[in-house]
Structure formats: structure tokens, C-alpha cells
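Below are my notes on the model, as numbered points. They cover the fold, the strand pairing, the surface and the charged contacts.

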Amino acid sequence: MDGNFFFVIGIVLVIAAVGLAFFGIRENERFPASRAVLVGVTALFAAAVVTTMAFAVVKSVDEQDKRNAELAKEEEQAQPESNAPSGQAQGGGAAETLDVSSPADGALVFQPDGLTAKPGNLTVDYDNPSQVPHSIAIATANGNVLGETQPSTNGVETLQIPDLTPGKYVFYCTVPGHREAGMEGNLTVTGGPTP
């Protein structure tokens with residue numbers, strides 16, 4: 001079915017309504033001429049509206065079936081990529097996990113304040129055992145934030161950064177004033193294949 005059908009029916013309905021208003025109601029003192037004409041005109045409009053609605057339902061079902069087929073095809077094509085060898089993530093490089101913590105006394109420092117990672121997917125487990133809220137964010141050298149956790153206390157937050165490429169990065173606490181007080185560190189991504 002062609003989508004232009006909507007436009008054709010819409011134009012017909014508008015022309016019929018304008019014609020009915022102009023010639024029927026405006027030009028004729030006694031409109032409609034009989035009850036049969038009124039029922040016939042109403043039935044004609046109802047049929048046009050019902051036909052348009054039926055077409056819309058059929059068209060939407062066709063579109064949904066087409067979209068489902070496209071999604072199934074995309075999933076089928078993506079499936080070989082998900083069968084990557086263990087230790088590899090779909091993004092390309094090896095998955096790596098680094099541990100960072102802060103002192104239990106709430107001091108505004110990271111331990112360690114320097115990290116090294118290989119290119120690929122990076123997970124940072126940040127442990128804040130204190131009552132002072134802290135968070136961790138990773139950004140590029142020019143300040144583009146790649147990811148961050150919400151400030152929290154007494155627990156571990158996990159930050160995942162996909163497809164890190166070799167270069168220099170910075171990690172820091174997003175709580176106002178903490179970074180300025182020195183709660184930041186450097187992350188160097190070097191060696192290994194680039195994703």
C-alpha cells in the first residue's frame with residue numbers, strides 16, 4: 001500500500017467538507033433537503049474516515065513487521081562480533097580493571113594518584129570507606145568527560161569507560177572543591193593494539 005493514499009483521502013475529505021459547507025449549508029436555507037440526504041452524506045464521511053483508519057492500521061503493522069525484520073537482521077550480523085575470545089570486549093581492546101581508593105579518614109586524595117592502563121575497555125572500581133562523599137570521573141586532557149560516578153560514602157562505585165585509546169587522561173573527584181584541593185590523578189593509556 002502506498003503512503004500517498006492518506007493524502008488522497010485527506011484532500012477528498014477537505015474538498016467534500018468545504019463543498020458541503022459552502023454549497024449545502026450556506027447557499028441552501030433548508031439543508032439538508034431530506035433526512036435521507038443527511039444520512040447518506042454522514043455515511044459517506046464515516047466510510048471515508050473508517051477506510052483511512054483501516055489503512056493506517058494496516059500500514060503501521062506493515063511498518064512494524066519491516067522494522068522487526070531489520071532488527072533481526074542487525075542482530076544476526078552483530079552476533080559474530082559478540083563471540084570474541086575471552087578477555088576481549090566487543091569494543092575491541094582487552095578489558096582491564098583498576099582499583100582506586102581514598103583514605104578512611106576522608107582525606108582529599110586518591111590512592112594511587114597515578115594509573116596505567118592498556119588500550120581498550122577500562123573498569124575502575126573506586127572504594128570510598130569514609131563518611132565524606134567522593135566520586136571519580138575520567139576526562140581527556142582537554143576536559144572532555146568520558147564517564148563519572150555519583151558522589152557516595154562507605155562503599156565501592158564502578159566506572160566503565162569503553163574503547164580507551166593511548167594517551168594522557170585525568171581522573172578526579174567531582175564534589176565541588178575536592179579536585180581543587182588536590183583530589184585528582186593521572187591515567188596513562190599506553191602500549192598494546194589500539195582499538
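1. What pattern does the protein chain follow, read along the sequence? The pattern is α-α-β-β-β-β-β-β-β-β, and the protein chain holds two helices and eight strands. Helices (H or I, at least four residues) and strands (E, at least two) are DSSP runs, numbered from the N terminus.

2. This is a predicted model, in which local features need pLDDT of at least 70 and side-chain atom pairs count only at pLDDT 80 or more, while totals for chains, interfaces and linings use all residues. Residues are numbered from 1 along each chain as its sequence is written, and side-chain values use heavy atoms, with hydrogens and water left out.

3. On the protein chain as a whole: of its 195 residues, 25% are buried (under 20% relative accessible area; exposed is over 50%, partly exposed in between, with a 1.4 Å probe and protein chains only). The accessible surface is about 12,300 Å², and carbon and sulfur atoms account for 58% of that surface. Accessible areas come from the Shrake-Rupley method with a 1.4 Å probe; for residues, only the protein chains shown count as cover. Of the contacts between residues at least 6 apart in sequence, 63% join residues at least 24 apart, where contact means heavy atoms within 4.5 Å.

4. Val100 has Tyr126 of β3 opposite. Two strands are taken as paired if DSSP finds at least two bridges between them.

5. β8 pairs with β2 (residues 114-117) in the parallel sense over four bridges, with Val189 as the bridge partner of Ala117. β7 (residues 167-172) runs antiparallel to β8, and six bridges join them; here Phe171 stands opposite Gly185.

6. How many salt bridges does a search of the whole structure find? The search finds two, a salt bridge being a side-chain nitrogen of Lys or Arg within 4 Å of a carboxyl oxygen of Asp or Glu. One joins Glu184 to Arg179, with the closest N and O atoms 3.0 Å apart. Glu184 is partly exposed at 33% relative accessible area, as is Arg179 at 31%.

7. Another salt bridge links Glu70 and Arg67, with the closest N and O atoms 3.3 Å apart. Both residues lie in helix α2 (residues 35-82), three residues apart, about one turn of the helix. Glu70 is partly exposed at 36% relative accessibility, and Arg67 is partly exposed at 37%.

8. Phe7, Ile11 and Ile15 make a nonpolar surface patch of about 350 Å². Ile15 belongs to helix α1 (residues 4-26) and counts as exposed because its relative accessibility is 57%. Patches are made of residues with over 30% relative accessible area and no salt bridge; like charges are joined within 9 Å, and nonpolar side chains (Val, Leu, Ile, Met, Phe, Trp, Tyr) within 5 Å.
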